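Hi,

Here is the structure I promised to pass on. Have a look at it first, and then read on for what turned up.

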Amino acid sequence: MAVDAIEVKLDEIEKWAAGRPVNRDELRLMFELARDHLGHRTPGSFEPGDLDELLLEVYPRRVEIPSGTDAVQIVEAARDLVDFIEETTDTTGELLTELEDAVPEFMEIVAENAPASHGLAEMLEELGLPSDRMPGIRLPSADVLLAAAKQSKLLARAHELAAWAGDGKEVDDDDELTDEAVAQAAAALGVDDQLEIRVLADLAEFAGFASTESGSFAPLPGGFEQWPDGGNVAEIWQTGFISTFGFVLDRVADFRGSDIDFADVPANLLIMLFLARDVGLPRTEISELIHELTEDEWHGYVEQHGDPADFFIHVMTEIGGLEVDGENVRYTPLALNAVREHFMANGVDVPLLPPSAEMTAADLAALAMDLSGPEMAAEQAAWLSSRETVPAARELLAVAADGPARVRVWATGVVTELGVAEVWREVLDVDALRPYARYALGETELELSELGWITIDGLTLFVEADEQGIPDLGPAVAPLLPTGNEVELLDVMWRLPHPDVVATLNLLGKYHPDKRIAKHARKVAHKATTLHSQE
């Protein structure tokens, strides 16, 4: 069934709705799922039993439903579809009854799966990261990503396994290939390790190449024909990657007959590899993370079966999701795109970055607020290399003058490393930058108000950490208040027109190890609160 047939049917539904909004995207997905899993050759050709199968079997297995709100949207779209069918064809109301009977069970299934969806936000919070956004990423064009997806070795072998299944191969009571069938498949495909056949069978089902819904492992009409030149290859790769990432270690444990619990590993690795971006994680760090999350069973498992990180990296490399560069392992652009889509589906925003040469200083500053370490250093170096030094420094200082303290600390630090004295002289009359300019030009004896401004800027870096409940900030906070004339400096700081003065004085009052100074910081924080509340 051609995609244009679905679009024609969607046009019919919108015309029927007479201006009332309908969820075209959700209806399109329903038609595609019905085509691939129910065998519909004509969009909307639902018969009794189809809605039950679609909502209670196909959706839970094939579609990520992040929340109850998303489930409601699916139900509303299904109701629109049924109303359309009821009003435009000769039906007896069976579909409507079937839908309403299926909805409670469908919502229960979504609710049962909800903790896995919400776990992503919770895990981001536990890692001290925002639960609603991640650092932006840069991706190649859709054509480049599609070409890469078609090169997936593991998907090609999974498709080959589905083709080998022909009219169907025997499955056991768990709807998995029997041991005999696995041995036959290994011989036919020239595979030495039967574990690989189990992984390929999983992937064939994840990707929609094969199914056991008929009572045997057999090619799935619609999905099988999509590889490698169909219109859904990108989606197939993404589904295969995310599903395999999440379940392959469980498959290994099951195959080995081990009780090791890998449940917490995929989500942690998914996030940590995403944060590592182009730099990647050392292979040893991936192994240590799995060790930490499976502490009780780790040593016994490794002694018998080896490091699970090795198999995980091998499989994800074969599917085209990871690449190894020396000792480091990183996501491919395909995987970055898939993980971004996964985050977005769970309510976590991940902006797309333009090429470095097209980024403004404000774009780079926004990225610096979410990214650090070698990953940010690489972005910064790429941006600076794309423009001349003096104009780049001017752009950065313009952002520093107008931005919040965290941006100012970062941007002035970058410009200081560039060694462009003429640019610093240009901003001596800018109140927010004058202290940094004087210091960069070699004037180490700053006025107390200037020193106070820089001190407040620096302390703001830890205000958010304190709000997030990060413990033991004292050793980091105390050195930011210059020693020798702390009380005199605090008496100047509280009068400064800095938006973060109250928060930073409270921070000092909470964490400074010298009780006398901490008490004075709390005292002037009260004064600053009163002063700035009148402005």
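Is Arg277 buried or exposed? Arg277 counts as buried because its relative accessible area is 6%, where buried means under 20%, exposed over 50% and partly exposed in between, with a 1.4 Å probe and protein chains only.

Before the rest, some ground rules. This is a predicted model, in which local features need pLDDT of at least 70 and side-chain atom pairs count only at pLDDT 80 or more, while totals for chains, interfaces and linings use all residues. Residues are numbered from 1 along each chain as its sequence is written, and side-chain values use heavy atoms, with hydrogens and water left out.

Arg277 sits in the loop between α11 (265-276) and β3 (281-282); helices (H or I, at least four residues) and strands (E, at least two) are DSSP runs, numbered from the N terminus. Arg277 is not a glycine, yet its phi is positive, about 50°. The side chain of Arg277 makes a polar contact with the side chain of Glu379 at 2.9 Å. By polar contact I mean a pair of N or O atoms within 3.5 Å; within protein, one must be able to donate a hydrogen and the other to accept it, and residues adjacent in sequence count only if both atoms are side-chain atoms.

Glu379 belongs to helix α17 (residues 373-385) and counts as buried because its relative accessibility is 6%. Leaving aside residues up to four places away in sequence, Glu379 touches Arg138, Arg277, Leu353, Ser356, Leu364, Leu367 and Leu371, contact being heavy atoms within 4.5 Å.

**Backbone points to check**

Most residues other than glycine have a negative phi, and most peptide bonds are trans. Asp175, which is not a glycine, has a positive phi of about 60°. Asp175 is in the loop between α7 (153-165) and α8 (179-189), and it counts as partly exposed because its relative accessibility is 40%. The peptide bond from Trp227 to Pro228 is cis, with omega near 0°, and Pro228 lies in the loop between β2 (218-219) and α10 (233-256).

Strands β4 (residues 322-325) and β5 (residues 328-331) run antiparallel and are joined by 4 bridges; two strands pair if DSSP finds at least two bridges between them. Val324 stands opposite Val329 in β5. The hairpin has 2 residues between the strands, and Gly326 takes a positive phi near 65° there.

**Domains 3 and 4**

The chain is divided into domain 1 (5-113), domain 2 (142-342), domain 3 (361-441) and domain 4 (448-533), with bounds from an automatic or database domain assignment. Taken over C-alpha atoms, the centres of domain 3 and domain 4 are 24 Å apart. In contact are 9 residues of domain 3 and 10 residues of domain 4.

About 850 Å² is buried between domain 3 and domain 4, with carbon and sulfur atoms giving 59% of that area; buried area is the accessible area (1.4 Å probe) that two parts lose on being put together, summed over both. Ala405, Arg406 and Pro435 supply 48% of what domain 3 buries against domain 4, more than any other three residues.

Between domain 3 and domain 4 there are 4 salt bridges, each a side-chain nitrogen of Lys or Arg within 4 Å of a carboxyl oxygen of Asp or Glu. Glu450 forms a salt bridge with Arg438, with the closest N and O atoms 2.5 Å apart.

Happy browsing!
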